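Here's a quick tour in questions and answers for someone meeting this structure for the first time. Have a look at it, then read on.

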Amino acid sequence: MHKRIFSKVFIIILSYTLSSCYICNFPLYEYPPDWKGISKRDSVLAYYSKYLNGKKIFLDPGHGGEDRKNRSKDGKIIEADVNLRVALYLREYLQKAGAVVIMSREEDKTVPLYLRSELANQSNADLFISIHHNAPAKWEDDYTNYTATYYHAKEDSYEYEPCERDIAKYIQRDLSYVMGNPGGLGSFDGTYSDYEIYPGEGFSVLRKTKIPAVLVECAFHTSRLENLRLNDEVFNQIQAWGIFRGIGKYYRAGIPEIVIIKDSVFYKNNLLKIAFMLKDSSGINPKSIRVYFNKEEVSFQFVNNIVSLGITVNDNKENFLRVICANKNGNHSLPFHKKILINKNDEVKILDIN
Ligand SMILES: [Zn+2]
């Protein structure tokens with residue numbers, strides 16, 4: 001009997017010792033080598049300023065104000081606050097690299113979802129990043145934890161903009177790397193379509209935002225591991241650093257430009273002729289080019305970086321042109337959508353679509 005009690009006590013003492021050692025010795029996170037020292041950090045910021053200088057980035061820290069209900073089991077980790085801290089540190093890094101940063105909120109206040117997209121669209125920014133932390137479907141689950149970066153729609157949908165997936169990939173890779181938190185098994189590279197959550201609709205904030213947009217779920221604020229570090233401001237800086245590096249690397253890979261050659265636009269006998277130049281310093285991948293006319297994919301010629309097409313169209317009708325291409329680094333062109341109007345005198349007008 002005595003023996004049994006002794007062995008029980010021994011096991012309790014041993015497991016307590018092991019668990020306490022485990023907690024105190026376990027590194028909750030590591031300092032990224034390029035972030036650790038101020039001078040090293042500054043040199044990295046200066047390096048990325050080559051690609052970020054003058055870029056306009058819209059940051060959207062999710063929730064806040066009346067919307068503060070997402071929190072950890074013990075109530076100490078409040079998603080709205082973590083999102084804001086990460087966004088403010090990210091702003092600091094982006095500004096130091098010469099980017100112009102606009103935010104949907106800079107403090108704990110209510111910003112309705114529709115307004116976040118509206119502000120982003122009005123800002124005319126180059127990029128929209130919504131920052132969040134995730135929670136599982138079952139609230140008692142405090143184990144699930146992964147990083148995820150969402151883009152809008154799916155590849156087979158006309159609404160899908162491949163450049164958003166490119167941005168998502170870059171941010172996801174560097175964020176998950178600095179956090180030591182991989183991208184989950186639901187996706188090969190940690191990027192997810194928002195149709196996975198709301199089929200055919202996606203997230204309102206991504207659907208309604210017309211500038212290239214992604215939504216980052218940095219980690220699960222409900223996770224036991226994340227509970228130990230999400231309120232640590234040093235860790236929030238590291239999270240922001242991961243997103244910053246992702247943005248910098250995305251712009252470093254270049255973005256192809258599509259420029260309509262004005263003299264090429266011509267309409268006669270129901271035939272519209274139009275040509276555009278594809279420009280990129282790393283070169284254009286010819287296999288990536290896709291041209292849509294009134295939402296139908298059409299054929300074209302591609303010679304010397306010039307895409308030319310001839311399409312039969314009726315006048316007095318609105319026509320829509322869309323072009324997609326990618327450079328040799330794999331980065332796609334920004335959304336390129338034009339409205340083409342032809343009047344009775346066979347004059348062609350090309351308008352931007354916002
Ligand atoms: Zn959220």
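Q: Where is the place of Asp346?
A: This is a predicted model, where local features need pLDDT of at least 70, side-chain atom pairs count only at pLDDT 80 or more, and totals for chains, interfaces and linings use all residues. Residues are numbered from 1 along each chain as its sequence is written. Helices (H or I, at least four residues) and strands (E, at least two) are DSSP runs, numbered from the N terminus. Asp346 sits in the loop between strand 15 (337-342) and strand 16 (348-352).

Q: Is Asp346 buried, exposed or partly exposed?
A: Count the other C-beta atoms, placed from the backbone, within 10 Å of a residue's own: 20 or more is buried, 12 or fewer is exposed, and in between is partly exposed. Asp346 has 13, so call it partly exposed.

Q: What is the phi of Asn304, about?
A: Most residues other than glycine have a negative phi. Asn304 lies in the loop between strand 12 (301-303) and strand 13 (306-312). It isn't a glycine, yet its phi is positive, at about 50°.

Q: Why does Thr147 count as buried?
A: Thr147 is in the loop between strand 3 (127-134) and strand 4 (148-151). It counts as buried because its C-beta neighbours inside 10 Å number 27.

Q: How far apart in space are Thr147 and Asn134?
A: In sequence, these two are 13 residues apart. From C-alpha to C-alpha, the distance is 8.5 Å.
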